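Subject: A structure for you

Hi,

Here is the structure I promised to pass on. Please have a look at it first, and then read on for what turned up in it.

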Amino acid sequence: MVKKTLIAATAISLSAMALTACGSDSDSSAGADGDSGNGSITMGFAQVGAESGWRSANTKSIEDSAKEAGIDLKFSDAQQKQENQIKAIRSYIQQKVDVIAFSPVVETGWDTVLQEAKRANIPVILTDRAVDSEDTSLYKTFLGSDFVEEGQKAGQWLVDNAADSDVDGDGDIDVVQLEGTTGAAPAIDRGEGFADAISADPKISVIASQTGDFTRDGGKQVMESFLQSEKGIDVVFAHNDDMGLGAIEAIKAAGLTPGKDIKIITVDAVKDGMTALAAGEINYIVECNPLLGPQLMDLAEKVVAGEDVPERVVTEETTFDQEQAAEALPTREY
Ligand code: GYE
C-alpha cells in the first residue's frame, strides 16, 4: 500500500517534471522526443479498422473527445490486421508518446509488443476489446462492454419469444449465427453468452455458424450460402448490426421477408440497425455503446498523472425492440 502510494507519487512528480520541461515551448509541432511541445498529453491510438458503423462512431468519439480534452492524438487504422496494429504500437513507442490506447483486433498474441511498451514506461489502455494475456501488468485498465452479457441478452430475448420464433412451425427454432472476426473478444464472448442463454430451451439450437468478419458484405455472403445449404432457418443471430444488414439483403434477394419469414437479432444499435429495427426488418437489438472517447481521455489523463484507475471499466448498455427503436431513433446520436 505504502509502496504503491510512493510509486504513484513518484510517477506524478515525474510526469509533472515532463510537463514543465516542455511547458514553456509554445511550438505545437512534434519535438524530437515525440511530445507535442505544448505540454499536452500525446496519445497513440491503434484502431481496429473501419469495418462497421459501430467502428466509425467509435473513431469519431475518440477524435472528438481528444480534441475536447486537449490531447494530441496520433491515430492509425489497422484494417482489421493484427500485424498493422503491432506496427502502429511499435511506432508509438518509438515516438515516445505519453500513453498508448488500442482496441485489439484479436485476443491473442500481444505480450511481446506490450512488454516493449512496458519497458519503455509507456502506459497502455485497452479500449473496446480485451486481450487474453495472463500478465495483467501489461496494461493499466480495460474500458469496454461486457460482450458475454450482450450475447446472453440476445439469447434471452429468443428464449422469451420462442413461441413466435418457430417461423416454419416444425417444432424447432433453428438459428444461424453470423460470427464477428475470428478470435476477436466480441465474437468469442457474444457466441458464448448466446449459447449459454439458449441452452435454457432445448427447442432452440444453432444449426450453422460462420464468420462474416463484422462487415455488411461478409454478413451478406455468409447468409447467401446459409440460405442455400440450410433448410428451415427460423432465426439469424448476427454479432453486429452490419452483418445483420447484409443478411437482410440476402434474405430479400431469396424472396423472403426479413423480420417475418426469418427473425433477426443483432448487437450494436447503430443508426442503420435501429432504422431496420423500427421498420420491422430486424426483431431485436442489444446495444453496444461505441462512444468511449470521453471515458478514455479521462482514464488517459489519470494514468499519465500516475493516479490509480480501476482495472476494468464496463460500459452501460440497454436493449431495443421494434417499438423502442422507433421511439429512440429521432434522438439517436450515431
Ligand atoms: O460490435 C462491431 C465492430 O468491438 C464492440 O466491433 C466492437 C465490435 C462491434 O466491428 O460492430
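The buried residues of α3 are covered by elements that include β1 (42–47), β2 (72–77), β3 (99–102) and α4 (111–119). Contact here means heavy atoms within 4.5 Å, and helices (H or I, at least four residues) and strands (E, at least two) are DSSP runs, numbered from the N terminus. The residues of α3 that are buried (under 20% relative accessible area, with exposed being over 50% and partly exposed in between, for a 1.4 Å probe and protein chains only) are Q85, I86, A88, I89, Y92 and I93. Seen down the axis of α3, these buried residues fall within an arc of 160 degrees, so they line one face of the helix; the arc is that of the directions from the helix axis to the C-beta atoms. E83, K87 and Q94 are exposed on the other side of α3.

Helix α3 (residues 82–94) has 13 residues and should span 18 Å at 1.5 Å a residue, which agrees with its end C-alpha atoms being 18 Å apart. The expected span is 1.5 Å times one less than the number of residues. After α3 comes K96, with a positive phi near 55 degrees.

Before going further, a word on the source: this is a predicted model, in which local features need pLDDT of at least 70 and side-chain atom pairs count only at pLDDT 80 or more, while totals for chains, interfaces and linings use all residues. Residues are numbered from 1 along each chain as its sequence is written, and side-chain values use heavy atoms, with hydrogens and water left out.

Now for α4. Its buried residues include V113, L114 and A117. They cover an arc of only 100 degrees around the axis, which puts them on the same side of α4. T112 and R119 are exposed on the other side of α4. The buried residues of α4 pack against α3, β3 and β4 (124–127). N121 follows α4, and its phi is positive, near 60 degrees.

As for the whole protein, its secondary structure comes to twelve helices and twelve strands. Of its 334 residues, 52% count as buried. Among contacts with a separation of 6 or more, 73% are between residues 24 or more positions apart.

- L277 is found in helix α10 (residues 271–278) and is buried, with a relative accessible area of 0%. L277 and F320 are 43 residues apart in sequence and 8.4 Å apart in space, C-alpha to C-alpha. Leaving aside neighbours within four places in sequence, the contacts of L277 include I285, F320 and A325.
- L299 lies in helix α11 (residues 293–304) and is buried at a relative accessible area of 7%. Beyond its neighbours within four places in sequence, L299 is in contact with I125, T141, L143, V309 and V313. T141 is 158 residues from L299 in sequence, with 8.4 Å between their C-alpha atoms.
- I248 has its place in helix α9 (residues 241–253) and counts as buried at 4% relative accessibility. Its contacts, neighbours within four places in sequence aside, are P258, I264, A276, E281 and I282.

How many cavities of 30 Å³ or more does a search of the whole structure find? It finds one. On a 1 Å grid over the protein atoms alone, a cavity is a set of points where a 1.4 Å probe fits but cannot get out, and a pocket is an open set with protein on both sides within 12 Å along at least five of seven lines; lining residues have an atom within 4 Å of a point. Grid points are joined across faces, edges and corners, and a volume is the space filled by probe spheres set on the points.

The largest cavity holds about 90 Å³. Of its 13 lining residues, W54, R55, R129, R190 and D268 lie nearest its centre. The second largest pocket has a volume of about 200 Å³. Helix α2 (residues 53–69) gives the most to the lining of that pocket, with six residues.

Best wishes
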